[in-house]
Amino acid sequence: MTAASCLQVVDPTANSIAVIDAAVDLDMGGAERAFASSVGTLALAAFILTAGSLGDRLGRRKVMLAGLVVAAVGGVLTAVAPVTPIFMLGRAITGMGIAAAFGLSFALLRSVLPDNLPKAVAFWLAGQTAAALVLGVLAGYLAGISWRAGYLLLPIVAVIAFLMCMRGLPEAKADETGPFDFVGLIAIAVAMVGIIYGLSNAASYGWGAGQVLIPLGVGLLSMAGFIWWEARIQFPAFPVRLFRDPELAGSVATGFSFNMWQAVVTIMLSMLWQYVTLWGGLQVSLALMPLSLAMVVGATVAGRLLAKGVPASRNLMVGHLLLIVTLLVFALTNENSPYVFFLVLMLVGGFARMLNEATMGQFFVAKPPAALTGAMASSKTAIGQLSFALGTALSTTFLFSQYGRGIAEAFAAANVQPEQQGTYTGMITTYISGGDMSQYDASTVSTVVGEASGAFMNAFDGTMLIFAGILVLLWMISTFFFAKASRMRKAGTMVDGPLTSSGVPVALAAPESASAEGDAESPGTTPTPDR
């Protein structure tokens with residue numbers, strides 16, 4: 001199952017490198033290039049809850065295996081695409097396959113290791129993160145040879161995972177699920193695509209552009225309609241009533257926090273090292289590698305702590321606070337900050353990030369009714385997609401808006417005339433891209449680049465402070481819900497174990513309701529944990 005989940009980490013890495021040459025080779029326009037970069041993610045987001053719902057009905061193992069096959073077909077189609085429409089189709093098919101393979105490999109943890117679920121979730125996360133280090137380097141190498149070779153890595157991984165999962169992996173599905181929720185699943189697909197697509201356009205077009213506001217507005221309206229619909233029908237595809245459970249509600253706030261943290265830190269550091277330090281792509285990749293190593297350690301430690309009975313709320317509080325502290329210290333960065341400064345913060349932050357994710361993950365597979373395990377496990381991925389896109393869009397917007405003001409203030413302070421500003425801006429662009437600077441006066445270059453670097457550093461620090469504030473707010477929300485859970489446990493109104501579809505622990509529900517909801521799983525699967 002860890003091998004199946006690796007598709008989610010292989011594909012973005014390979015696509016981010018290979019799509020550049022693919023766009024040139026297939027003669028894509030600007031809009032086509034932007035869509036080619038995101039179509040796989042959009043397809044994954046649109047299909048993720050549908051894949052979970054299909055797994056609950058048809059069998060999670062069966063749908064996961066089908067997802068691996070679909071992802072492999074999509075990867076091959078992308079690699080051999082002679083024209084742009086075929087390339088786009090291949091990327092969309094790949095995203096749909098990854099949605100099924102990734103989400104349902106997570107859901108099946110509950111059937112394979114029910115008696116040691118916290119450690120199982122932790123090692124599943126640690127395994128895919130470790131694999132990302134190796135496969136990421138391999139993807140970069142293959143994409144350097146040919147963009148078509150870069151896209152072939154995912155089908156290879158998918159085939160290997162398929163063969164591994166064919167042996168000994170038990171089937172699990174719900175006995176009674178009710179009618180298929182077409183309305184709800186269409187609404188959430190529109191919501192996910194609209195929100196993520198709108199947020200992705202913010203950095204390029206600005207928040208007031210129609211390319212941002214229209215899809216974002218459609219997405220938010222669809223999300224509101226989805227929540228309204230799911231709360232009122234008898235057989236929802238996604239049981240929003242489960243989030244009456246304070247631990248699940250608090251986990252959502254935590255999920256937004258650590259995913260936004262990762263988006264902000266990786267993007268901001270990449271730009272800092274490329275724009276100010278002038279490192280190449282390979283140097284940046286190697287410099288970020290300790291972050292992934294720390295995540296492997298964090299997931300492993302989280303699993304061991306949870307298995308030993310350390311309260312989940314303690315893990316989440318410590319992890320959350322550490323993420324906030326790293327952002328506050330990142331805000332002290334200056335042009336002379338050595339790499340070891342960033343290294344320490346990445347190690348601490350990567351560890352804390354996975355301490356939170358491993359803890360959050362166990363709730364999403366242990367708490368839902370057996371019949372809805374696939375849908376709930378898939379929802380964790382949906383939360384990750386939304387929060388990562390939000391972190392990306394907000395961070396780039398905050399950074400470049402502050403940077404633009406800083407450059408304008410520097411021009412005003414130096415009394416630079418409008419006709420000179422274009423020359424200085426071109427000088428900065430040439431410097432960043434590594435172009436020939438011999439056409440410019442050396443002393444002028446030193447002054448202009450120095451001012452630009454200072455403006456960028458101020459924008460970098462300001463962005464980190466803003467996100468520290470956002471994470472404090474999310475920490476407060478998460479802490480509120482987990483404090484409520486603690487009070488409910490002391491009062492005897494909350495216990496460990498799965499919930500009914502109305503969000504009440506099975507162990508505290510009426511006997512006939514508990515029996516119906518707790519045992520709605522096909523014969524032959526392993527019992528759910530911690531009843």
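Okay, let's start with Gln-128, which touches Thr-2, Ser-5, Cys-6, Val-9 and Phe-102, leaving aside residues up to four places away in sequence. Contact here means heavy atoms within 4.5 Å. Before going on: this is a predicted model, where local features need pLDDT of at least 70, side-chain atom pairs count only at pLDDT 80 or more, and totals for chains, interfaces and linings use all residues. Residues are numbered from 1 along each chain as its sequence is written, and side-chain values use heavy atoms, with hydrogens and water left out.

Back to Gln-128. You'll find Gln-128 in helix 7, residues 117-145; helices are DSSP runs of H or I, at least four residues, numbered from the N terminus. Is Gln-128 buried or exposed? With 7% relative accessibility, Gln-128 counts as buried. The cut-offs are under 20% relative accessible area for buried, over 50% for exposed, and partly exposed in between, using a 1.4 Å probe and protein chains only.

Now, the nonpolar cores. A core is a set of buried Ala, Val, Leu, Ile, Met, Phe, Trp, Tyr and Cys residues joined through side-chain atoms within 4.5 Å. The largest one has 137 residues, and Leu-7, Leu-269, Leu-272, Trp-273 and Leu-327 have the most contacts inside it. Which helix gives the most to this core? That's helix 17, residues 442-491, with 13 residues. Take Leu-7: its contacts include Pro-12, Leu-68, Ile-98 and Leu-154, again not counting residues up to four places away in sequence.

On to the rings. Rings of Phe, Tyr and Trp (its six-membered ring) pair if their centres lie within 6.5 Å; planes under 30 degrees apart are stacked, over 60 edge-to-face, and the rest tilted. By this rule there are 17 aromatic pairs. Phe-180 and Phe-182 have ring centres 4.9 Å apart and planes at 70°, so they're edge-to-face. Phe-180 is partly exposed at 25% relative accessible area, while Phe-182 is exposed at 56%.

Tyr-403 and Phe-456 are edge-to-face too, with centres 5.9 Å apart and planes at 70°. This pair links distant parts of the chain, with Tyr-403 in helix 15 (residues 373-413) and Phe-456 in helix 17, 53 residues apart. Both Tyr-403 and Phe-456 are buried.

Technical notes. Helices (H or I, at least four residues) and strands (E, at least two) are DSSP runs, numbered from the N terminus.
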